[in-house]
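Hi,

Here is the structure I promised to pass on.

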Amino acid sequence: MTKPDLSVNIGKIKMKNPVTVASGTFGFGQEMADFYDLGRLGAITVKGTSLEPWSGNDYPRTVETPSGMLNAIGLQNDGLDAFVNEKLPFLRQFDVPVIVNVVGQSVYEYARVSEVLGKTEGVHGLELNVSCPNVKKGCLAFGNSPEGIAEVVKAVREVTDLTLITKLSPNVTDVVSIAKAAVEAGSDALSLINTLLGVAIDPWRKKFRLANITGGLSGPAVKPIALRMVWQVAQAVDVPIIGMGGIMNEMDAVEFMLAGADAVAVGTGNFVNPMAAVEIIDGIEEYLASANISDVKQIVGAVGK
Amino acid sequence: MKGIYNCEVIAHSEVSPGVIRSLLHCPEIVRQAQPGQFVNVRVAATTTDPLLRRPFSVHAVYPNEGLFSLLYVLVGRGTALMNKIAAGENVSVVGPLGRGFDLGDSTGAQHIIVAGGCGAAPLHFLSDRLCALWGCENVKVLTGARSKNALLCEAEFISHGVEVVVSTDDGSYGHHGLVTELLQRRLFNSQLETHNSQHIRVYSCGPNAMMREVARIAHEAGVPNCQVSLENNMACGLGVCMGCVQKIKGPVPGDTSGNNWHRERVCKDGPVFNAEDIIWD
Ligand SMILES: Cc1cc2nc3c(=O)[nH]c(=O)nc-3n(C[C@H](O)[C@H](O)[C@H](O)COP(=O)(O)OP(=O)(O)OC[C@H]3O[C@@H](n4cnc5c(N)ncnc54)[C@H](O)[C@@H]3O)c2cc1C
Ligand SMILES: Cc1cc2nc3c(=O)[nH]c(=O)nc-3n(C[C@H](O)[C@H](O)[C@H](O)COP(=O)(O)O)c2cc1C
Ligand code: FES
């Protein structure tokens, strides 16, 4: 049998395979380029980028939990100018679409960052992070209501033609209504899920383990929730979905695609196995070949009862 | 280049109660590792709990055999699992990671190593290299522990041929008091007349409170180069998650918030930092 076709499209972004990395778990690619050719990925999604540099939350910022971890980084990043001048030139060397995760404290900031990136060579898509649980202003405040999300997406849509991917929060009662609002406001695609709000306590010191008290849960512990949300949203909207949450290996990735994800992102899995993303690409290909499936798009949403 | 290696576990030995030395085979890591660098070990190969790798400093390298060792305290589940990986089995190791010690670039310097508790682990490798580079007579080790049986690596330091001075908090061995008192004495006594403090370099690893004091003493003595190795909690160990950050003096370029500090990653920008740059809190 010939090699299965692994390519997928997310809006105007042409991915040679359905695997990207989750924002905040891959930095801006430099560190991971020591392990493999970044050009092998379907796309690279970089760390949340804001208009001005953000210094993030106090330390400690991470703690391990059963089959997962909490993080409260608080979106530390050096800001838009540093991204464009210092990080992007490195990423341009690789034959891989770059998706920038955009964060802001106001609708203006989301729109301003998006407008600049829309005119910047080497940026292929924007992932609007309206779902980070770790910052006090902005972000999740927009993502937890249909009105809030629509406001941000509309403002960004007006200033750029780049593919817009809205990243949804699992910390809401009705993810479907929020997904629909994002699509109606002009989002070309959705990604889900961001981390789940949690806390961890040190019983001996009788203190919260994170300086920020609350953090976002990620890793294998969240996979069933993420799968459920991808499946619910996929039935309700017509745009492509990037699924993530606890993907550690190719079978996890296949589950997300069967639930309705057109592509997947590897997050916490990169920490445990820096080669995870490329091993998952190879694994999906082998899965398709052994199941006699010629095109990966055939498995999207193909889950039966 | 750093990589992911399947290393064979050769042996574990208990060097003192609750402290283990594990010997691993990995010629690639042995070739590349610099003193102060660390490796990130996947202690649970087939389960996701514990999920994250565990960071350990490179304690010694044996280039002819392609072996390196780790020296660690059993503190929780991860270190217990590490100690249970049977000899002959493989373990996944990412490394070598981080920025190690700057060993200096000229002869004539006096190198003072200050170790606290299991901070001796990376300093053992450091003392070995400093000796090879600059001669053992120019390297001194000050090492402290809670009590005599908690003291680590004394014999190994001595076997490198360096002078070793010991302190214990409870007075059960060596100087009765803190290792920082040994440093204070050494930097402020008359010996300094023959050794201008400009030529002294201090290297330290241990509890944060101790390193902060080392930094203060070195600063007061006018020592121009004092390096400390930090051990912040890590998720990725690779520099991509921004979890392990330390406050460092000075703003980042482009920061308009008026902050006179910024945060750097201990795993990638460190774990070794110039003590003068650190904001201790
Ligand atoms: C760069 C670096 C080098 C290190 N080198 C050594 C060494 O040579 N010898 C040694 O004994 N220890 C060393 N440590 C500390 C060692 O990593 C921890 O003791 C170990 O991870 C504890 O794991 P555990 O599962 O047994 O404990 P648990 O408490 O169950 O671990 C829970 C979580 O906390 C993290 N953690 C706990 N204590 C520490 C700590 N002190 N520093 C960083 N992370 C911690 C663990 O990685 C894990 O994610 C080093 C730490 C760092 C960051
Ligand atoms: C350390 C860390 C930092 C993160 N930073 C961001 C971020 O900057 N922007 C964002 O949209 N999501 C961020 N996330 C969320 C991930 O992109 C992803 O949605 C989540 O971790 C679930 O996937 P996983 O279980 O595979 O990690 C972060 C997650 C982690 C663990
Ligand atoms: S542990 Fe992830 S950046 Fe240092």
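Around α7 of chain A, the cover over the buried residues includes α6 (223–236), β15 (241–243), β16 (263–266) and α9 (276–290) of chain A. Buried here is under 20% relative accessible area (1.4 Å probe, protein chains only), and helices (H or I, at least four residues) and strands (E, at least two) are DSSP runs, numbered from the N terminus. This is a predicted model, where local features need pLDDT of at least 70 and side-chain atom pairs count only at pLDDT 80 or more, while totals for chains, interfaces and linings use all residues. Residues are numbered from 1 along each chain as its sequence is written, chains are lettered from A and ligands numbered from 1 in the order written, and side-chain values use heavy atoms, without hydrogens and water.

The helix itself spans residues 250–259, and A:D252, A:A253, A:V254, A:F256, A:M257 and A:A259 are its buried ones. At its start, a side-chain oxygen of A:N249 comes to within 3.1 Å of the backbone nitrogen of A:M251. Just past the helix, A:G260 has a positive phi of about 125°.

Now the ligand. β4 (54–57), β6 (67–73) and α2 (77–84) of chain B each bring at least two residues to the shell around ligand 1, and β4(B) gives the most, with four. Oxygen atoms of ligand 1 sit 2.8 Å from a polar backbone atom of B:V73 and 2.9 Å from a backbone N or O atom of B:G76. Taken alone, ligand 1 exposes 820 Å² (Shrake-Rupley, 1.4 Å probe), and the protein buries 82% of that.

Cheers

Technical notes
Buried < 20%, exposed > 50% of the residue type's maximum accessible area, 1.4 Å probe, protein only. Contact = heavy atoms within 4.5 Å. Polar contact = N/O pair within 3.5 Å; in protein donor to acceptor, adjacent residues only side chain to side chain.
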